[in-house]
Amino acid sequence: MSRRKLLPSLAGLAAMLVFPAFAAPTATAAPIPAPEPVSTVSAYAGSPQEAANNKAFYDAVMKSARAKQAKSGNALAAVTVRYRNNAPTFSTQIARSTQIWNSSVTNVRLVQSTSGYDFYYTEGNDPRGSYASTNGHGRGYIFLDYRQAQVYDPTRITSHETGHVLGLPDHYSGPCSELMSGGGPGPSCTNAYPNSNERSRVNRLWANGFAPTSTGVFQTVR
């Protein structure tokens, strides 16, 4: 699963980082002349550049979420990451993905909001499939593809893409039990839960949020 579309207010910004995340296995090359492609699902296989862009999205969302939390002055055990649902077709899957992640990790919490959000979900058709994207300025979005969701489990797709927001990279060669293996294990895989290694990695990345010092200044708790 992974790739692009911006908020209307940011439509004029040209510089965007885009990175695919949930992809189908690459089809075997046909003899020349090659037939027209028949799959509408992304066949992305991964590259160092996409991995770098993935991290950029996570860094931007974390920076935005932590800045909001520090400004609020609240001493919370977890960093709150706010999202907006602009993908009504996938509302059930988004709610389920949120529940899965909030029950799986402790140092970051996903909360739906209509304002002050750090990223948003949107939907449509794209030959690249589902993906996550950021404009590089603290705002990003997750695109959920209709056709891909007809082939792969839509809750797994949504949970996988949300994993990018929380800092996890793609690992298509992994087993079905690994959420970030995305479409690698094939359409029969419906697991939407991160495994123990993925849960631990997210908790380490988000490092217990903020707590006030004796002077009232906020610091990161490790």
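Q: Where in the chain is G182 found?

A: In this predicted model, G182 is found in the loop between helix 4 and helix 5.

Q: Why is G182 called buried?

A: A residue counts as buried when its relative accessible area is under 20%, and G182 has a relative accessibility of 1%, so G182 counts as buried.

Q: How do you know that C176 and C189 form a disulfide?

A: The sulfur atoms of C176 and C189 lie 2.0 Å apart, and a pair of cysteine sulfur atoms within 2.5 Å is taken as a disulfide, so C176 and C189 are joined by one. Both cysteines belong to the loop between helix 4 (154-165) and helix 5 (196-206), where they are 13 residues apart. A search of the whole structure finds one disulfide.

Q: What makes the disulfide of C176 and C189 right-handed?

A: The torsion about the S-S bond is about 85 degrees, and the disulfide is right-handed because of this value.

Q: How do you know that the length of helix 4 is close to what is expected?

A: From its first C-alpha to its last, helix 4 reaches 17 Å, which is close to the 16 Å expected for its 12 residues at 1.5 Å a residue.

Q: Why is strand 4 described as largely enclosed by the rest of the structure?

A: Strand 4 covers residues 119-124, and six of its six residues are buried, so the rest of the structure largely encloses it. F119, Y121 and E123 point one way from the strand, while Y120, T122 and G124 point the other way, and all are buried.

Q: How do you know that strand 4 pairs with strand 2 and with strand 6?

A: Two strands pair if at least two bridges are found between them. Strand 4 has three bridges to strand 2 (residues 79-85), in the parallel sense, and six bridges to strand 6 (residues 140-145), again parallel, so both cases meet the requirement. Y121 stands opposite N85 and also opposite I142 in strand 6.

Q: Which residues touch the most other members of the largest nonpolar core?

A: Of the 30 residues in this core, V81, W101, F119, Y121, V202 and W206 touch the most other members. Helix 1 (48-72), strand 4 and helix 5 are among the elements that each supply at least two residues, and helix 1 gives the most, with five. A second, separate core of five residues includes Y117, Y120, Y131 and F143.

Methods:
Residues numbered from 1 in each chain as written. Predicted model: local features only at pLDDT ≥ 70, side-chain atom pairs only at ≥ 80, totals over all residues. Heavy atoms only, no water. Helix = DSSP H or I, 4+ residues; strand = E, 2+ residues; numbered from the N terminus. Expected span 1.5 Å × (residues − 1). Buried < 20%, exposed > 50% of the residue type's maximum accessible area, 1.4 Å probe, protein only. Core = buried A, V, L, I, M, F, W, Y, C linked by side-chain atoms within 4.5 Å.
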